[in-house]
Amino acid sequence: MTMATTTVRIDIDTLPDHLDRSRPSVVAEVIEAALREGGINADCSDIFSHIKIDLPTAQLAAASAVLVELQLI
């Protein structure tokens, strides 16, 4: 059985001031670490102009809570 996944994309230009927009790979690592601390199995990467977050759809609500805490959504 295949697990459903969701991709969240966050424009780098919209990142809050407490995150360093000039270092998107570091921002992706920070987001991924925060999600993992929250028990969410996510893969984050910087893709050109946005941060890409892939996660199991079943964990979307929990991931949203973490992203709110980080002021990303």
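Where is the place of His50? His50 sits in strand β3, residues 50-56; strands here are DSSP runs of E with at least two residues, helices are runs of H or I with at least four, and both are numbered from the N terminus. Before we zoom in, please note that this is a predicted model, in which local features need pLDDT of at least 70, side-chain atom pairs count only at pLDDT 80 or more, and totals for chains, interfaces and linings use all residues. Residues are numbered from 1 along each chain as its sequence is written, and side-chain values use heavy atoms, with hydrogens and water left out.

**View 1**
With a relative accessibility of 18%, His50 counts as buried (buried is under 20% relative accessible area, exposed over 50%, partly exposed in between, with a 1.4 Å probe and protein chains only). Look for the side chain of Arg9, with which the His50 side chain makes a polar contact at 3.3 Å. Such a contact is a pair of N or O atoms within 3.5 Å; within protein, one must be able to donate a hydrogen and the other to accept it, and residues adjacent in sequence count only if both atoms are side-chain atoms. Setting aside neighbours within four places in sequence, His50 is in contact (heavy atoms within 4.5 Å) with Arg9, Ile10, Asp11, Ile12 and Ser45.

**View 1. Thr6 in strand β1.**
Thr6 is buried too, at 17% relative accessible area. Its side chain makes a polar contact with the side chain of Thr57 at 2.6 Å. Not counting residues up to four places away in sequence, Thr6 touches Ile53, Asp54, Leu55, Thr57 and Leu60.

**View 2. The open sheet of three strands.**
The strand order is β1-β3-β2, with antiparallel pairing; two strands pair if DSSP finds at least two bridges between them. β1 and β2 (43-47) are the edge strands, each pairing on one side only. From one strand to the next, the twist averages 20 degrees. Five bridges join β2 to β3, and Asp46 has Ile51 in β3 as its bridge partner. Helix α1 packs on the sheet, touching β2 and β3, and its direction makes about 165 degrees with that of β2. Helix α2 also packs on the sheet, touching β1 and β3, at about 145 degrees to the direction of β3. For these angles, axes are lines fitted to C-alpha atoms, for helices over the stretch in contact, and values run from 0 to 180 degrees between N-to-C directions.

Just after α2, Gln71 takes a positive phi of about 65 degrees.

**View 3. The largest nonpolar core, with 21 residues.**
A nonpolar core is a set of buried Ala, Val, Leu, Ile, Met, Phe, Trp, Tyr and Cys residues joined through side-chain atoms within 4.5 Å. Ile31, Leu35, Ile51, Ile53 and Leu72 have the most contacts inside this core. The elements giving two or more residues to the core are β1, α1, β3 and α2, and α1 gives the most, with five residues. Not counting residues up to four places away in sequence, Ile31 touches Cys44, Ile51, Ile53, Leu67, Leu70 and Leu72.
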